[in-house]
Amino acid sequence: MSFLAIDIGNTRLKWAQYASPQPGAAVLAHGARFLETIDTLAEQDWRSLAVPSTMLGCVVAGEAVRRRVEEQLELWDLTPRWVVPGNHEAGVTNGYDHPMRLGADRWVALIGARGHVLARGPARPALVVMVGTAVTVDALDRDGKFLGGLILPGHGIMLRALESGTAGLRVPTGEVMPFPANTSDALTSGGTYAITGAIARMRAHLAARSGGEEPVLLMTGGAGWKVAPYLDVPHELVESLIFDGLLHIQSHRLAL
Ligand SMILES: Nc1ncnc2c1ncn2[C@@H]1O[C@H](COP(=O)(O)OP(=O)(O)OP(=O)(O)O)[C@@H](O)[C@H]1O
Ligand SMILES: CC(C)(CO)[C@@H](O)C(=O)NCCC(=O)O
Ligand SMILES: [K+]
């Protein structure tokens with residue numbers, strides 16, 4: 001009954017095999033690859049896996065990358081299935097103007113976050129932050145409705161944009177500090193505080209919208225651990241948020 005979950009971002013593909021398609025299921029194996037190296041998944045990483053019974057994935061990297069992954073999945077007799085954001089799924093409602101235009105990763109992370117909130121106790125509003133190639137800060141109200149969210153460049157893109165748009169900003173990585181006194185520290189601090197500032201602003205929007213109730217703040221993504229130390233509000237790093245969302249969706253679909 002094992003289940004293969006795949007998250008194809010703009011920089012890396014992450015995958016995890018679970019003992020069953022249920023939230024909280026045991027992880028049997030997992031891995032990550034930069035997109036440049038996904039064409040050997042079948043002959044390397046996946047070669048010795050127990051044959052998965054089902055799979056579900058989310059892709060934001062485009063059709064061509066999705067097709068390359070489907071070729072790797074031909075290793076098994078498995079129907080590739082990819083999440084398409086819609087109006088409702090697994091108890092979450094999509095408030096985007098055009099629900100299908102919401103990034104599949106954001107939709108799946110929101111569903112994973114809703115699962116975490118409800119597993120802890122009474123329903124609460126939640127802020128879902130993903131720090132990857134891009135950064136997203138998404139608001140979920142107490143009833144599980146996605147209200148909207150922010151998209152901003154990730155740290156890497158911010159630095160590359162500054163390097164390519166200026167003559168004098170090509171310097172090593174610096175440190176985050178309140179009063180940066182050199183270019184490296186100024187760039188590193190600027191990127192980090194751009195992200196934490198966006199989070200603080202969205203948190204205030206959501207608290208105001210929720211009658212003052214403080215939202216749960218869940219953070220995920222490959223670079224989440226770099227930002228977390230500079231967030232001065234309570235938060236939790238949940239590395240598996242997208243996988244948790246995929247498990248929720250799969251188990252809900254089986255229960256229907
Ligand atoms: N080992 C690494 N070497 C070089 N750059 C990295 C490395 N890990 C992360 N980055 C950079 O940090 C940023 C965060 O990306 P990362 O791949 O860690 O997150 P992610 O959540 O997997 O991203 P995505 O889901 O968008 O692919 C990106 O700009 C990426 O280029
Ligand atoms: C914003 C990203 C790049 C974050 O990974 C992704 O969710 C995406 O491509 N979204 C589509 C546009 C949108 O969500 O409005
Ligand atoms: K991602």
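The shell around ligand 2 consists of four nonpolar, four polar and three charged residues (Ala, Val, Leu, Ile, Met, Phe, Trp, Tyr, Cys and Pro count as nonpolar, Asp, Glu, Lys and Arg as charged, and the others, Gly among them, as polar). The model is predicted: local features need pLDDT of at least 70, side-chain atom pairs count only at pLDDT 80 or more, and totals for chains, interfaces and linings use all residues. Residues are numbered from 1 along each chain as its sequence is written, while chains are lettered from A and ligands numbered from 1 in the order in which they are written.

Select ligand 2 and its surroundings, which include Asn-10, Arg-101, Asp-105, Thr-136 and Ile-151; a residue is near the ligand if its C-beta atom, placed from the backbone, lies within 6 Å of it. Helix α2 (104-120) and strand β8 each give two or more residues to this shell (helices are DSSP runs of H or I, at least four residues, and strands of E, at least two, numbered from the N terminus).

Next, select β8 (residues 134-140) with β9: the two pair in the antiparallel sense over seven bridges, where pairing requires that DSSP finds at least two bridges. Asp-138 has Gly-149 of β9 as its bridge partner. In the hairpin, four residues separate the strands, and Gly-144 has a positive phi near 85°.

Then show β6 (residues 92-94), which runs parallel to β9 (residues 145-153) and is joined to it by two bridges. Here Asn-94 is partnered by Phe-146.

Finally, select Val-128. Leaving aside neighbours within four places in sequence, its contacts (C-beta atoms, placed from the backbone, within 7 Å) are Ala-109, Leu-110, Ala-113, Asp-138, Leu-140 and Leu-218.

Methods. Two residues are in contact if their C-beta atoms, placed from the backbone, lie within 7 Å.
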